[in-house]
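Keep the coordinates open as you read.

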Amino acid sequence: MLRKGLLLVFILCLFTSAKLFAQGQDKTVLFNARIVSATNSEYLPLAYVYIPAAGRGALSDNFGAVDLYVFPGDSVVVTYVGYKPQYYMIPRSTGQVHQAIIEMIEDARMLTEVKVFPHASEEEFKKAFLNLRLRDEKQREVLARNLEQSKLNVFALQAGLGANSNFRNFSDMMISGQANKSFVSSPMLTLTNPFAWMSFIKSIKNGDLKRKDWKEAYKIQPKQVVSPQQFMQDLRR
């Protein structure tokens, strides 16, 4: 009798365990969620849906959809970069498939200013800047040598004059000649003119002062009134 009683208890335990296991299998729920933005209902791909109690989770696809097996009463955490975490609880009374749309709220945060410097200190930056060598440094050195004032003066002397420069030079010479036309005729200026003295000494050596033919020029009296016809006749002679 004792053996029969133990066998009966063992069979009852097996039946109860199988029934409980079957009930546990029936409680598994397929959680089908769609993760969207609360601002414009935009799908959020690669959102992380996580069950802390079970230690597992899944990522949403390109359309924000995710399928995850859960149990009634489980707490689900949804996270996405730039949005606040959302918490969702699976109802205890639900069917084998539970669908939900989870709206994520944007998390706008003002980050503190971060200054990034390639050098440890300002002095180190100054030294690096002063030691900086440009790619076209050789060309700059050649250009600096060619732009020296002394070389520019040589280039200016070697360069020929153009048409405008030649005309300006000719005009300057004509103006200077007209301005100095009466320079020798003035007695005072003649006394201080070395060229006039040289011409005078040369005339003395040549004996020009002893010549009398210069007086004949004064005997020729200029005609006071000359008609155009007479002028033309004088030219033909």
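Strands β1 and β4 run antiparallel and are joined by six bridges. On another pairing, β1 meets β7 in the parallel sense, over eight bridges. Here S37 stands opposite M104 in β7. Put together, these strands form an open sheet of three, in the order β4-β1-β7, with mixed pairing. The edge strands are β4 (65-70) and β7, each of which pairs on one side only. From one strand to the next, the twist averages 25 degrees. As a general point, strands of a sheet pair through backbone hydrogen bonds, either parallel or antiparallel.

The model is predicted, and its local features are read with a pLDDT of at least 70. Over the protein chain, the secondary structure comes to nine helices and seven strands. The chain has 237 residues, and buried ones make up 13% of them. Take the contacts in the chain with a separation of 6 or more: residues 24 or more positions apart account for 45% of these.

Now stay with β7, residues 97-104. Which residues lie on its covered face, and which on its uncovered one? The covered face holds H98, A100, I102 and M104. The uncovered face holds V97, Q99, I101 and E103. In a regular strand the side chains alternate between the two faces of the sheet.

Is I101 buried or exposed? I101 counts as exposed because its relative accessibility is 63%, and the cut-off for exposed is over 50%. Leaving aside neighbours within four places in sequence, I101 is in contact with R34 and V36. R34 is 67 residues away from I101 along the chain, yet their C-alpha atoms are separated by 4.8 Å.

S37 belongs to strand β1, residues 29-37. S37 has a relative accessible area of 1%, so it is buried. What does S37 touch, not counting residues up to four places away in sequence? The list is E42, L44, Y83, M104 and E106. With Y83 there is also a polar contact, side chain to side chain, at 3.4 Å. M104, another residue on that list, is the one that stands opposite S37 in β7.

Look at the pairing of β2 (residues 48-51) with β3: it is antiparallel and spans four bridges. Within it, Y48 stands opposite L59 in β3.

Y48 leads on to the aromatic rings. How many aromatic pairs does a search of the whole structure find? The search finds four. One of them joins Y48 and Y50, with 5.7 Å from centre to centre and 25 degrees between the planes. That pair is stacked. A pair of aromatic rings is described by the distance of the centres and the angle of the planes. Y48 counts as partly exposed because its relative accessibility is 34%. Y50 has a relative accessible area of 28%, so it is partly exposed too.

The last stop is charge pairing. Side chains of opposite charge can pair when their charged atoms come close. The structure holds one salt bridge. It links E122 with K126, and the closest N and O atoms are 3.9 Å apart. Why are E122 and K126 separated by about one helical turn? The reason is that they are four residues apart in helix α2, residues 122-130. E122 counts as exposed because its relative accessibility is 56%. K126 has a relative accessible area of 40%, so it is partly exposed.

Conventions. Residues numbered from 1 in each chain as written. Predicted model: local features only at pLDDT ≥ 70, side-chain atom pairs only at ≥ 80, totals over all residues. Heavy atoms only, no water. Pairing = 2+ DSSP bridges. Helix = DSSP H or I, 4+ residues; strand = E, 2+ residues; numbered from the N terminus. Buried < 20%, exposed > 50% of the residue type's maximum accessible area, 1.4 Å probe, protein only. Polar contact = N/O pair within 3.5 Å; in protein donor to acceptor, adjacent residues only side chain to side chain. Contact = heavy atoms within 4.5 Å. Salt bridge = Lys/Arg side-chain N within 4 Å of Asp/Glu carboxyl O. Axes fitted to C-alpha atoms, helices over the stretch in contact; angles between N-to-C directions. Phe/Tyr/Trp six-rings, centres within 6.5 Å; stacked < 30°, edge-to-face > 60°.
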